[in-house]
Each structure stands twice: as C-alpha cells, then as structure tokens.
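Let's take a friendly walk through a protein model together. Have the sequence and the 3D view ready, and look up each residue as we reach it.

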Amino acid sequence: MPGSRALVLIVAMLAFAPRGEAATAAPLQLQSPGGQATVALSLDGEGQALYSVEWNGTQVLLPSPLGLQLGPDDRLDRGLRVVDVRHGSHDSTYALVAGKASQVRDHYRQMEVDLADAGGRRLGVILRAYDDGIALRYRVPLPAKGDLVVKEDLTGFLFPRDYACWMLNLGTFGTSHEGEYDRFAAAKLRPMHLIELPLVCRTGDGEASFAIAEADLDRFAGLYLSGRGDGRLGVEARLSPRLDERSIAVRLPRAQVAPEGHLTPWRVLMLGDSPGALVESNLVSSLNPPTPIKDTSWIRPGKTAWDWWSGGLAPDVPDPGMNTATIKRYIDHAAALKLEYMLIDDGWYVGSLGNGAYNPDADILRPVPQLDLPALVAYARERGVGIWLWAHWKSLEPRMDAVFAAYRDMGIQGVKVDFMDRDDQEMVEFFHRMMASAAEHRLMLDLHGAYRPTGLNRTWPNFLTQEGVLGAEYNKWSRRITPTHNVTLPFTRMLLGPMDYTPGGFRNVAPAQFQKSFVGPQVMGTRAHQLAMFVVYESALQMVADSPDVYVGEAGGLAPGADFLSIVPATWDETRVLAGEIGEYIVVARRSGRDWYIGAMTNESPRTLEVPLDFLPAADYQATLWRDGAAATDVRREERRIDAANRTLKLELSGGGGAAVHLVPPAPRIAGSAR
C-alpha cells in the first residue's frame, strides 16, 4: 500500500529477571509515536502482570491486572516472569469504503511481551500505543491436550480517582444492547452491574477523556465490564458465556488454534483531550484486519426509505400495508427525495408475522401473495432505487448461502438481518460467516438486534450499519428518546462505529407535547434537530424513517427541511468535532469531496453557539442553513456567505433543537480561464 512501512520487530531482550527479582525490575514502557499516550507493563512481588496508562504525563489507569482464567482452578495471571520482549512500529494509510473518513492513518508502536509461569506455559501480551489510545490483547497458549478453553478475562481497569463516567447498565447477557448511557460516579460502579461498551469517563475538567472498548472480536465472546469485587475504583472484564456451557466463555477445538496460540480481541482505551476527540478517532476500525474483498465498487453507501417505522402509512394508497401498491408509493418517495434505496421490512415473506417473532415455518424466499417482489425490484430499478429486504436471522442461518444467492439473483441490493440479541462465541462466529457469505454474493448488510460494533466495517465494508442503539423506534411506545439522549449517543455508543438510529422523523413536537403512537410516531425536539442527525450520526445506510406524506409540502413540493435530506451524503472523507459536551450539545463537521456539512444538536436547553470554522481552506464559502423556527416543525432556510476573513458561524438553537449547514467552496479555476 502506498506510504506503508512493514512492521519491524526487534528483539529487545531475550530474558528478564527471574520471579524473585521481578518486583525490583523497571517497568517495560511503550510510548505512542507522538508521545501523547504511554503504557507500562510490570510485575509485582507475586509475579502478577500489571499495566498502567498515562496521557500527556497524567496517569489515567493505575497498575491494573492482566491475565486469563482458563479453567475453574487454572488462572494464568500470577507467578509469571518475562522471558521475551519484542518491539516494533507501523505506519500506513488504508482506505475505508464507508465511514467517518475515506483515508485513515494506522500509526502505532508495539511491544509484545512473553510471560511464563512456573510450568513453562507462555502467555503473550501484545501492547500497542497510538496517539489516540492504547490497545492490548493476549496470545493464549495451546493446551497440552484437548480444546482451548477460556473461562474469564481477568483484565482490569483501575482508576486513580473518582472519575465522572457514562455507562449503559444492561444487567444481563443476551439483550439487543439498547438503553440509555447515564452519568455515574466511578465510585458507584458495582460488581452486579453488567456494563455495555463503551464505558466513557472524564478524568477532570480540561483533562483527558477516555472510553473502554473492544476491537477485532472474532472466534471469541463479547466483552462487558463490571464494578470491581474488591471495592477498588475501576472496572473489570466480563465475558459473554456460551449457551451450551454457561460456565465458560470460549471453547476452540484444538485443530483451530495456531501452534503459537490464539489471539484474543483487543481491549481498547480510546484517549483524547476532550469527548469530541474520541468521536473523531478511527482506532477501533484500525485494530481490525484489512478487507479481503478485492473489488468494493458494488458497495454503495446511501439513504433509504423505510415502511416499518411509520406503520406502513401511505395515505394516498387505498389499502396501505404490506402490498405492491404501498411499496410502490415508498419507492416513488425514495426517488422524489433522491434516496438510493427502499427497505422492505418484516412481513414481506410467507410466514413473517410483521411483529419480529420467529416462525419456524416461514419461507424466507417466497413473498406474500399481495406483494409482487419481482415487479417491485424492476419498478425501483427504473427509478434509480435499490431494494433491501428484512430477514429474521433464525430463518436465514440454516441456508444462508442459498438465500443470499437467491436474493442476489432477484436483484436485491442488501439485507437487514434482525433479532440476533446475543454476543456469545457462537453468535460472533455467525456474524463473521454472514458477512463473508454476503460479500461473496455482493450483498450489503444492516444488522439489527445486534451487539455493538467492534470495527468490522474495515474488514467487511459491505456491512454498512447496525443497531445496538436505543434509537427512534422507541418513540413508537415510550418517552425515552429525549433530546438529552440524542446528544449523549455521539459521545458514547457512536464511538464504536455506525449506528442505525433511524432518524428523519417529521412529526416534530416539543418534549412536553409528545404522545406515544405506534403508527405515525412523533419525535421530541425540532425538525432541524432531526436534520442534524444525518450529519452527526455515523451510518453508511441512513434511514429516512417517516412515511412519504410528511416529506411533501402544501403545494406538492418538498416539506420544509426535506431538501436537505436529498443532498446530505451517508459516508464521509473527513470528520471534525467542533464543540460539544456529553448530554448537552454537539457540533460536528464532515467533509464530502470539497463540500462540508455541519450538524448541531442541543438537549432540552436552548443555546447560542459560536462555531469556529478555522478548519476551512482560505476561501469564501456559500452556506445554506436549515435552522429552528417558531414551531417544532418549522425550518428556516437561509443563504449566507462565509467570508475568508471571518471564520465563525453563529447558531441559535431552540430547546431540543438543532441546525444543519451545507458549505460549498467556490468552483475551482480552470487553467487558462479569465479571472
């Protein structure tokens, strides 16, 4: 790859002090290329391996435990000594087909430490230091006989003081990974909490922000966190148990383990000077392998119309529902708004019940009689719209390759797979098989009822988005989707990768006036708040969730704000967070080609923001703004000139409000043209 340098491994020492001398040996240190992040590995007097982390010279993690529990009485974490250390570095650039940036620099220093116990078993600890975080993983030894078994991960994260943290306490394994990230003092984190990733913490005002995450999850169990059982400040790892052997997390047949051992997923500490710096980071993606897909030209990010969220509303169709006439209306709507796709949801195939329930007698290849799917695919193609289909994973899994081949033959562009609701080892393996099979048949994927991202959008770029987020669907039956929740998500769940929140609700009301409705749901906050989500929220398949009629204006044209939905991209070349505080407000700028888009959102409090635009090249820009109006559904559209000498944009946001901005630079001069 252009600009890349191979990873160079240098043997730094072939032996370290024996166990009795381990406590007095100097820690092994690794610093990131720019010097911001430092990780150190040491052994205490009992041969316990520990690591600690600093950010710009300030300690973020105290010496914290490393190790694994392989069986009920088999802990590989004490009585250890260092027997080998290898250092290396890497600097390259890779392309992201879809995401927050089109080109990503992968620049780090690495230290691999081999630890041995009294019996000679080796546990490898691989540490990487980036300028935006630290990552570590284990190389688990192949047992003398039998399968490789991992009962628990013993990695800890010890805090030097009582940090302010934001956590989602799922409470149990086997969920859809949907909930609010609430602010907690670190001292209040308890062993009975089962904390979803990421756990986001601030070390203090004007100091470091960090997020604990996971990357390259493959042939392993998903990671959770819990408050420490010893009462110390911090958290410890928990692994999702197997369904067939609840007492362990991972069982790998001996034949599937390399002689040198099995690599676990990365345990990641994203680091930055502010919460916004974490949003800009591509660290989780960078820790995943490159894609094996040679030709990615068929992978096309975009926006999609969708029938389920509004309840299949189509007021100008005589008998709206899961039928040909209704879906044609949604296809026409997609074409009118210049959306690339139409997603046909649950209820389209024989035996799909329309309520998400699994029916073992369902036929995932046969449309219901009232839906002429071949005719709809052809109708959509004529209008430049691609079709996606919904599928229950239990109906898909037994004959996945055959189903994907049939869908591709039908002319289907992508599949929304739903209700996995697990992240145990078996489900993680299914995710990888599904992505590989979909890529073989040139199908894109949207995963619902799915665990949170672990960076697979680098390895499998046909995977455009996934749920694992408390999104807009909850407006149908709850009051939980508040403006505060909406401006917390970018700093928490979205740090890990794309999220299919499904924005675009145009039945906008103030929070006090919100009423639950399963059909034609309302959304809290202003319409400009919803428009801003298409910039702020990362998703390479972005829903335009509401029914076709709400995007049509009084004279048959577009409703206020709908014109922005026609032009905003779904993937980006560059991302910058211009301002923000967790749960308060956020301003994000994203570049597509030469154009920039800005999304600003606030919680229930109105605020005026002075947004710095000094990141723009030195030129005048033509700005189009979509701003809050007097009522929640009002959108004020304005044109402004952004002078090269004045790089500040003033945005006045209503409570629960927002703004969307499109910045267009002057056209490039053609050589030889008149000035």
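## A buried leucine

Start with Leu 115, which is buried because its relative accessible area is 0%, and buried means under 20%. Keep in mind that this is a predicted model. Leu 115 sits in strand 9, which covers residues 103-116.

Which residues does Leu 115 touch, not counting residues up to four places away in sequence? They are Leu 43, Ala 49, Leu 80, Arg 81, Val 82, Arg 121, Arg 122, Leu 123 and Val 125. Take Val 82: it is 33 residues from Leu 115 along the chain, yet their C-alpha atoms are separated by 4.6 Å.

In soluble globular proteins, nonpolar side chains tend to be buried together. Here, the largest nonpolar core has 186 residues, and Phe 159 and Leu 199 touch the most other members. Helix 7 (residues 425-440) gives this core its largest share, 8 residues. Another core, of 22 residues, lies apart from it; Ala 600, Leu 613, Ile 642 and Leu 663 are among its members.

Now zoom in on Phe 159. Leaving aside neighbours within four places in sequence, its contacts include Val 60, Leu 62, Ala 186, Leu 199, Phe 210 and Val 235.

Next, find the open sheet of 7 strands, whose order is 29-28-27-26-25-24-32 with parallel pairing. Which strands stand at the edges? They are strand 29 (463-466) and strand 32 (541-544); each has a single partner strand, so one side of each has no neighbour in the sheet. From one strand to the next, the twist averages 25 degrees.

Inside the sheet, strand 26 (residues 386-392) and strand 27 (residues 414-418) pair in the parallel sense over 5 bridges. Trp 388 has Gly 414 in strand 27 as its bridge partner. Helix 3 (residues 324-336) lies across strand 24 (302-306), strand 25 (341-344) and strand 26, at about 155 degrees to strand 25.

## Backbone details to spot

Leu 197 and Pro 198 are joined by a cis peptide bond, with omega about -5 degrees. You will find Pro 198 in strand 17 (residues 195-202).

Asn 56 is not a glycine, but has a positive phi of about 50 degrees. Asn 56 lies in the loop between strand 4 (49-55) and strand 5 (58-65), and is partly exposed at 43% relative accessibility. Lys 338, also not a glycine, has a positive phi of about 60 degrees. Its place is the loop between helix 3 and strand 25. Is Lys 338 buried or exposed? Lys 338 is exposed, with a relative accessible area of 62%.

Technical notes: Residues are numbered from 1 along each chain as its sequence is written. This is a predicted model: local features need pLDDT of at least 70, side-chain atom pairs count only at pLDDT 80 or more; totals for chains, interfaces and linings use all residues. Side-chain values use heavy atoms; hydrogens and water are left out. A nonpolar core is a set of buried Ala, Val, Leu, Ile, Met, Phe, Trp, Tyr and Cys residues joined through side-chain atoms within 4.5 Å. Buried means under 20% relative accessible area, exposed over 50%, partly exposed in between (1.4 Å probe, protein chains only). Helices (H or I, at least four residues) and strands (E, at least two) are DSSP runs, numbered from the N terminus. Contact means heavy atoms within 4.5 Å. Two strands pair if DSSP finds at least two bridges between them. Axes are lines fitted to C-alpha atoms, for helices over the stretch in contact, and angles run from 0 to 180 degrees between N-to-C directions.
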